[in-house]
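Here is a short briefing for a reader who is new to this structure. Please look over the sequence and the model before reading on.

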Amino acid sequence: MTALLRFWISLTYTGLNTTSYATRQNDQMRVLDYLKRDIRRASAVEIYNGATLVTDTNTFGGELRLTIPDYYSDSREEDNAIGAKATNVPDDSSGEVAYGTALTVSYSASGGAAVRTEGGTARTLGNAAGVFALSFKNETSGAIRCRVLFDQPMGGSSTRKLRRQVDTLCVPRFEFRN
Amino acid sequence: MFITTAKDQSLDSERPRFAHHGHLLLGTLCSRTVRLRRLTGGFTLIEAVVAVAIVVIGFAGAFATVVQAGRMVSGSEEESLVMSGLEQRIDQLRLLNWTALTDGTGIVNDVWTARPEAVAGITVSQETITISPCNVAGTQTLQATWDGNLAPTTSFTGGTALSGAGAVKIVATLTWTGRRSGRVRTESLVTVISRGGISKSVLP
């Protein structure tokens with residue numbers, strides 16, 4: 001009976017950990033999707049290690065700052081499709097094309113959550129329970145290496161963790177040759 | 001194993017006249033055993049074994065379900081990582097100049113220097129990139145292949161130089177072996193790259 005009980009408890013933890021891992025994995029892929037989208041459309045990309053701007057291709061920084069043209073005059077919540085939006089008319093009077101006031105978007109990890117901040121408003125992309133860590137590095141090719149890691153304690157075990165690190169290279173459009 | 005109840009004892013007291021008659025005594029004992037079995041609340045060994053077997057089969061089913069769920073999560077994870085890797089490949093191809101893209105040298109020397117970062121930990125058996133012209137008939141098609149640990153190779157079909165095309169269709173394919181399923185799986189991503197970017201392309 002004890003063996004059956006232990007088996008049942010193990011089975012329950014396995015199910016819970018499988019669900020938890022799948023959730024964290026989805027969070028992780030969502031963070032990567034946001035990063036790819038924003039990096040591709042950015043007009044400027046900067047990596048910061050604390051307050052220091054990273055300019056070399058060897059050092060990882062914990063914060064990514066992007067300057068993104070404000071293509072849309074859109075005050076809606078991102079997850080609320082109700083409402084009106086309009087495109088910002090491009091202005092070339094200064095000798096370069098500008099769409100409204102450029103947006104400043106940054107990515108970093110805060111308290112274990114993956115956070116995207118746009119115009120001072122922070123939104124959590126990856127749940128804090130996932131213990132996310134983000135790091136970024138310049139590549140010699142012009143690409144940005146994005147590393148998204150979650151390291152979450154496994155239910156039913158004090159030592160083992162649900163852990164996955166994904167690196168991917170994202171390329172700003174201004175680096176494209178074709 | 002059997003518990004004698006007050007009712008059983010009262011049954012015994014109902015048959016004192018058979019107590020001293022040989023074969024009748026044996027018949028009486030058998031009859032008592034059958035009645036006792038019917039009237040007591042215990043389980044036989046066979047009943048217990050059958051019950052345990054049913055529970056074990058139930059647990060085995062639940063276990064198989066959890067294992068299958070884990071396998072599906074793993075497969076889905078691989079799928080998303082491979083797609084991320086293929087997107088990276090397409091971006092890397094866009095970083096090449098037109099000549100390096102269309103003669104294959106950029107693929108071999110700049111793109112295929114390592115497996116995509118996103119697929120670290122996955123056993124990749126083959127990567128292929130096929131580049132065919134979008135808008136010029138009779139132009140070459142480039143087929144590049146990178147098998148396992150072998151050096152990448154490129155080959156062209158006959159025709160005029162691929163670099164003469166204004167835009168090319170790219171098919172990037174990655175083949176890998178599932179970590180938990182052991183199955184060979186393939187995923188592809190298709191895109192069009194135009195010379196100098198969409199805004200500069202000269203398409204018919």
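Two strands count as paired if DSSP finds at least two bridges between them. That idea applies to Tyr107(A), whose bridge partner in S7(A) is Arg116(A). The model is predicted. It has a chain A of 178 residues and a chain B of 204 residues.

**Chain A: overall build**

- Chain A has one helix and eleven strands.
- The C-alpha trace of chain A spans about 80 × 45 × 35 Å along its principal axes.
- Buried residues account for 26% of chain A.
- Take the contacts in chain A between residues at least 6 apart in sequence: 54% of them join residues at least 24 apart.

**Chain A: two hairpins that share S7(A)**

- Strand S6 (residues 103-110) of chain A pairs with strand S7 (residues 113-118) of chain A through six bridges, in the antiparallel sense.
- S6(A) and S7(A) make a hairpin with two residues between them. Gly111(A), in the turn, has a positive phi of about 60 degrees.
- S7(A) also pairs with strand S8 (residues 121-126) of chain A, again antiparallel. Five bridges hold this pairing.
- The hairpin of S7(A) and S8(A) has two residues between the strands. In its turn, Gly119(A) shows a positive phi of about 55 degrees.
- Arg116(A) can be followed across both pairings. Its bridge partner on one side is Tyr107(A), and Arg123(A) in S8(A) stands opposite it as well.

- Strand S9 (residues 132-138) of chain A is largely enclosed by the rest of the structure, because five of its seven residues are buried.
- S9(A) runs antiparallel to strand S10 (residues 144-153) of chain A, and seven bridges join them.
- Asn138(A) faces Ile144(A) of S10(A).
- Five residues lie between the strands of this hairpin. Among the residues of the hairpin, Gly142(A) takes a positive phi near 105 degrees.

**Chain B: overall build**

- Chain B has five helices and five strands.
- The elements of chain B run α-α-α-α-α-β-β-β-β-β from the N terminus on.
- Of the residues in chain B, 21% are buried.
- Among contacts in chain B between residues at least 6 apart in sequence, 62% link residues at least 24 apart.

**Chain B: the sheet**

- Five strands of chain B form an open, antiparallel sheet in the order S3-S2-S1-S4-S5.
- S3 and S5 of chain B stand at the edges. Each has a single partner strand, so one side of each is left without a neighbour in the sheet.
- From one strand to the next, the twist averages 15 degrees.
- S4(B) and S5(B) run antiparallel and are joined by eleven bridges. One of the pairs is Thr173(B) with Ser188(B) in S5(B).
- Thr153(B) lies in strand S3 (residues 153-156) of chain B. Thr153(B) is exposed, with 12 other C-beta atoms within 10 Å.
- Thr153(B) and Val108(B) are 45 residues apart in sequence, yet their C-alpha atoms are 7.6 Å apart in space.

**Where the chains touch**

- The contact takes 30 residues from chain B and 24 residues from chain A.
- On the side of chain B, helix H3 (45-94), helix H4 (98-102) and strand S5 (184-194) each give two or more residues.
- H3(B) gives the most to that side, with 17 residues.
- The residues on that side of chain B divide into 15 nonpolar, nine polar and six charged.

**The nonpolar core**

- In soluble globular proteins, nonpolar side chains tend to be buried together.
- The largest nonpolar core here has 51 residues, and Val148(A) and Cys170(A) touch the most other members.
- Strand S4 (residues 167-177) of chain B supplies the largest share of this core, five residues.
- Which residues does Val148(A) touch, not counting residues up to four places away in sequence? They are Gln28(A), Val31(A), Leu32(A), Ala114(A), Phe132(A), Leu134(A) and Val166(A).

Definitions and conventions
Residues numbered from 1 in each chain as written. Chains lettered and ligands numbered in written order. Predicted model: local features only at pLDDT ≥ 70, side-chain atom pairs only at ≥ 80, totals over all residues. Helix = DSSP H or I, 4+ residues; strand = E, 2+ residues; numbered from the N terminus. Contact = placed C-beta atoms within 7 Å. Nonpolar A, V, L, I, M, F, W, Y, C, P; charged D, E, K, R; others polar. Buried ≥ 20, exposed ≤ 12 C-beta atoms within 10 Å, placed from the backbone. Core = buried A, V, L, I, M, F, W, Y, C linked by C-beta atoms within 7 Å. Axes fitted to C-alpha atoms, helices over the stretch in contact; angles between N-to-C directions.
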